[in-house]
Amino acid sequence: MVEKKSKQSPLPKGARRRRKPVGASTGLAAVELQAAGPPGPVAELHHAIEQDDGKVLSMYREPYGGHWVVLAALPIELVEPTPYQRNISDTHVRKLEGVIGKIGRFLDPIIAVRIVKPDHAAKYWTPNGNHRLSAMRTLGAKSIIAIVVNDRNGPVCASFPVDESDQIMLVTDGGQLIRTPVRGIRVAGRNTQGVTIFRTGEAEKVVSVERVGDVGEDEVEGEGEA
């Protein structure tokens with residue numbers, strides 16, 4: 001007798017089915033995150049943070065890719081959002097101010113990248129912490145806790161998950177903008193040097209990356225470099 005396979009119930013319109021976890025474990029075990037001493041560039045970042053009147057709280061390898069990061073307290077006046085970010089939501093900032101003020105704790109570190117610009121007052125850019133930064137400034141905080149990254153390919157501008165149906169939009173400090181579908185980006189392993197999406201000018205840098213979600217076929221056609 002042939003056993004019938006049960007059909008999966010249809011998802012509501014717009015919902016996506018969750019992916020199943022991979023069968024094999026990956027990354028580092030908890031005891032491996034600080035099993036070795038930090039490499040030279042991370043030690044240099046440690047020194048630079050303390051030269052900026054910050055305080056390094058810990059250095060460790062993040063558990064998925066094994067890349068070194070620095071947990072640090074930074075002077076709040078030295079931190080700014082990356083350029084070309086969308087405007088902050090006043091409603092969201094007010095909610096954060098209320099919650100942080102009510103519990104009397106800041107428990108959600110921002111991501112920060114140290115920048116070297118002699119004519120720039122700020123020394124750290126955050127690609128994802130503008131709302132928390134604004135809330136802490138309004139509350140009168142003197143410092144903010146950040147995970148400061150030191151990437152071998154240069155500073156990390158943004159980090160977020162994407163689906164094949166999404167697009168990403170990149171903006172450079174020279175005003176160049178490109179919007180490209182995720183499905184057109186080559187997938188590479190964690191040990192590679194990354195994937196080139198488009199080439200910037202000699203002194204030009206990508207300063208902002210945004211996800212454009214769930215784009216249809218018609219919208220993908222014709223997008224390109226600006």
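Reply: The account below goes from the sheet to the helices on it and then to the core.

This is a predicted model, in which local features need pLDDT of at least 70 and side-chain atom pairs count only at pLDDT 80 or more, while totals for chains, interfaces and linings use all residues. Residues are numbered from 1 along each chain as its sequence is written, and side-chain values use heavy atoms, with hydrogens and water left out.

The open sheet has 6 strands, in the order β1-β2-β6-β4-β5-β3, and its pairing is mixed. Strands (E, at least two residues) and helices (H or I, at least four) are DSSP runs numbered from the N terminus, and two strands pair if DSSP finds at least two bridges between them. At the edges stand β1 (55–61) and β3 (79–81); each has a single partner strand, so one side of each is left without a neighbour in the sheet. From one strand to the next, the twist averages 35 degrees. Angles run from 0 to 180 degrees between N-to-C directions, and the axes are lines fitted to C-alpha atoms, for helices over the stretch in contact.

Within the sheet, β4 (residues 110–114) and β5 (residues 124–126) run antiparallel and are joined by 2 bridges. Here R114 stands opposite Y124 in β5.

Two helices pack on the sheet, as follows. Helix α1 (residues 40–51) touches β1, β2 (68–75), β4, β5 and β6 (143–149), and its direction makes about 165 degrees with that of β1. Contact means heavy atoms within 4.5 Å. Helix α3 (residues 130–138) packs on the sheet too, touching β3, β4, β5 and β6, with its direction at about 135 degrees to that of β3.

Next comes the nonpolar core. Such a core is a set of buried Ala, Val, Leu, Ile, Met, Phe, Trp, Tyr and Cys residues joined through side-chain atoms within 4.5 Å; buried means under 20% relative accessible area, exposed over 50%, and partly exposed in between (1.4 Å probe, protein chains only). The largest core holds 25 residues, of which I49, V70, L74, V79, Y124, I144 and V148 touch the most other members. At least two residues each come from α1, β1, β2, α2 (90–103), β4, α3 and β6. The largest share, 4 residues, is supplied by β2. Leaving aside neighbours within four places in sequence, I144 is in contact with residues including A72, L74, V79, F106, I110, L133 and M136.
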